[in-house]
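Please examine the sequence and the three-dimensional structure shown below. The paragraphs that follow consider the surroundings of a ligand and then the pairing of aromatic rings.

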Amino acid sequence: MALSVVDIYKILPRTNCGDCGYASCLAFASMVVSEKVPLSRCPHLDPETVARYQPELDAQHAAGKWTRRDLAADAHIWARERAASMALEDLPARIGGRLTTENGASVLELPYFNSTVRISADGIRHADGTEAGRWEQVFIYNHIAQGGRREPTGRWKGLQEIPNTVSKIKSMQAHAEAPLRQRFAGRLDELVAAAERIGGERITGGGETADISLRFTPLPRIPVILRFWEGDDEVGLDPEVKLAFDETIPEHLDIESIMFLSEQLTKMLMAPEA
Ligand code: SF4
């Protein structure tokens, strides 16, 4: 059987030191399996381990094994295992939401954008009963596994101000900020309408200097602000978009999950009106 992201993750030091150029050991494992990044790029892995696993990886790359779909399945298994030790009953105090029961079993109802997800031992479902998407579940399981108790403080930080995020700044610009800028420049009324459809609200005052500042609450402990500056043709100032996160976000999400959240928010804002 092909080596999976989880298999590789298990042999890594799991310190998330970033010396390989990736923000976490999981991110590195994912790149080793899917993008042929050599194991030796982790300087903390002993040569014997590299020698043992690299030939097998080379063989599966040559055979073209492992697709993005497989990665989603693998990340899902890993995140679910990671969250499995958390008792549902303890979660409202840590990540918010409300505990209820269904057929005698505990279910956590967790606000998610302008709706809720229902989390049980069987998985994660949307309020309408449909199963949440794979990457959506990975995101929520990671939050369950990592989420600390701290409430948001209301002090906002850009991605570059959050530790160990350097490798993701360009990705944030390419996959969230630039598409939003292109879609909504000159159409801020459409941006506000799209934001309101997913539970966002316009905020003013409090030192906000953008032309539009929108606050979203994707999950109870994880607010996000989107700031949009229209720019000014006359002085050659281009439009600008920035996402900002509460300073407590590293206690609740790893960097991969912060990126998923940002891309998900972008996708939801750009979705055509139903
Ligand atoms: S170098 Fe990368 S893979 Fe190795 S321990 Fe540090 S973060 Fe993990």
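A residue is near a molecule if one of its heavy atoms lies within 4 Å of it. In this predicted model, local features need pLDDT of at least 70 and side-chain atom pairs count only at pLDDT 80 or more, while totals for chains, interfaces and linings use all residues. Residues are numbered from 1 along each chain as its sequence is written, and side-chain values use heavy atoms, with hydrogens and water left out.

Around the ligand lie Pro13, Thr15, Asn16, Cys17, Gly18, Asp19, Cys20, Cys25, Phe28, Cys42, Pro43 and His44. This shell comprises 7 nonpolar, 4 polar and 1 charged residues. Here Ala, Val, Leu, Ile, Met, Phe, Trp, Tyr, Cys and Pro count as nonpolar, Asp, Glu, Lys and Arg as charged, and the others, Gly among them, as polar.

Attention now turns to the aromatic rings. Rings of Phe, Tyr and Trp (its six-membered ring) pair if their centres lie within 6.5 Å; planes under 30 degrees apart count as stacked, over 60 as edge-to-face and the rest as tilted. By this rule there are 2 aromatic pairs. The ring centres of tyrosine 112 and phenylalanine 113 are 5.2 Å apart and their planes stand at 75 degrees, so this pair is edge-to-face. Both tyrosine 112 and phenylalanine 113 are buried, that is, under 20% relative accessible area, where exposed means over 50% and partly exposed in between (1.4 Å probe, protein chains only).

Why is the pair of phenylalanine 139 and phenylalanine 260 tilted? Their ring centres are 5.2 Å apart and their planes lie at 35 degrees, so the pair is tilted. Phenylalanine 139 counts as buried because its relative accessibility is 2%, and phenylalanine 260 counts as buried because its value is 18%.
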